[in-house]
Amino acid sequence: MFAPWFSTGFQMWAMEHLAGVPVLGTVFSGPPMGIGLLTAGIILAMMILPLLTSLIRDALMTVSPMQREAGYGLGVTRWELFCKVLLPSIKGPVIGASILALGRALGETMAVTFVIGGANAIHAALFMPGTTISASIANQFNEATGTIYPSSLMALGLVLFVISVVILAVARRMLRGHK
């Protein structure tokens, strides 16, 4: 549903209007199939934004009304109140929500597998097909025969696990000062 509209709508427009721009022409080049890196990024953003916004909204609801009124009493605008009063007081929950959303994006396999294209190559163009570690494992595990092929997919799983552990360790370190 999204890929055909994206192909005929945005990709055709971008290729037609941005092809002459030096850097953007390269970034927005590729076959207008509606699948690729940008499509996968947009789908992932649509999947994690509701989680992220709901967690940040819940954190904002925990700020006391007196803190908001004190900010307004000092004559700040709504944007200044958010940036200088509310956001510093919920910095820990915002970091936690961001890490949770990042974990959700890292673990997402099937939605990305359907729209990323499944090409084992790295391109500078966002419309070109690509792959992720989890998409590679999902696409190739049934075809893996012999001893090396399944072992290499298991090694990819280990790499994904190490990346997840490193991200969780960084998140724990970042949250240590906000308790």
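1. Helix 4 against helix 5. In this predicted model, helix 4 (residues 65-73) and helix 5 (residues 78-89) are oblique to each other. Their axes are 10 Å apart and the packing angle is about 140°. The cut-off matters here: an angle has to be over 145 degrees to count as roughly antiparallel, so this pair goes down as oblique. The crossing of helix 4 and helix 5 is right-handed.

2. Who touches whom in that pair. Helix 4 brings Gln67, Arg68, Gly71 and Tyr72 to the contact, and helix 5 answers with Arg78, Leu81, Val85, Leu86 and Ser89. Sorted by class, the contact of helix 4 with helix 5 comes out as 4 nonpolar, 3 polar and 2 charged residues.

3. Helix 3 against helix 6. These two, helix 3 (37-61) and helix 6 (residues 91-107), have axes that come within 9 Å and cross at roughly 160°. That angle makes helix 3 roughly antiparallel to helix 6. The crossing here is right-handed too, with helix 3 passing helix 6.

4. The helix 3 and helix 6 contact, residue by residue. On the helix 3 side you'll find Leu44, Met47, Ile48, Leu51, Leu52, Leu55, Ile56 and Ala59. They meet Pro93, Val94, Ala97, Ser98, Leu100, Ala101, Arg104 and Ala105 of helix 6. Residues three or four places apart on an α-helix point the same way, because there are 3.6 residues a turn. By class, the helix 3 and helix 6 contact holds 14 nonpolar residues, 1 polar and 1 charged.

5. Helix 6 on its own. Helix 6 has 17 residues, and from its first C-alpha to its last it reaches 24 Å, close to the 24 Å expected at 1.5 Å a residue. Which of its residues are buried? Gly92, Val94, Ile95, Ala97, Ile99, Ala101 and Ala105 are. Among these, Val94, Ala97, Ala101 and Ala105 also turn up in the contact with helix 3. Helix 3 is one part of the cover over the buried residues of helix 6, which also includes helix 5 and helix 9 (148-176).

6. Threonine 39, worth a look in the viewer. Threonine 39 lies in helix 3. Is it buried or exposed? Threonine 39 has a relative accessible area of 1%, so it is buried; the cut-off for that is under 20%. Setting aside neighbours within four places in sequence, threonine 39 is in contact with Phe2, Phe6, Gly34 and Val115.

Methods:
Residues numbered from 1 in each chain as written. Predicted model: local features only at pLDDT ≥ 70, side-chain atom pairs only at ≥ 80, totals over all residues. Heavy atoms only, no water. Axes fitted to C-alpha atoms, helices over the stretch in contact; angles between N-to-C directions. Helix = DSSP H or I, 4+ residues; strand = E, 2+ residues; numbered from the N terminus. Parallel < 35°, antiparallel > 145°, perpendicular 65-115°, else oblique. Left-handed = near helix turned anticlockwise from the far one by under 90°. Contact = heavy atoms within 4.5 Å. Nonpolar A, V, L, I, M, F, W, Y, C, P; charged D, E, K, R; others polar. Expected span 1.5 Å × (residues − 1). Buried < 20%, exposed > 50% of the residue type's maximum accessible area, 1.4 Å probe, protein only.
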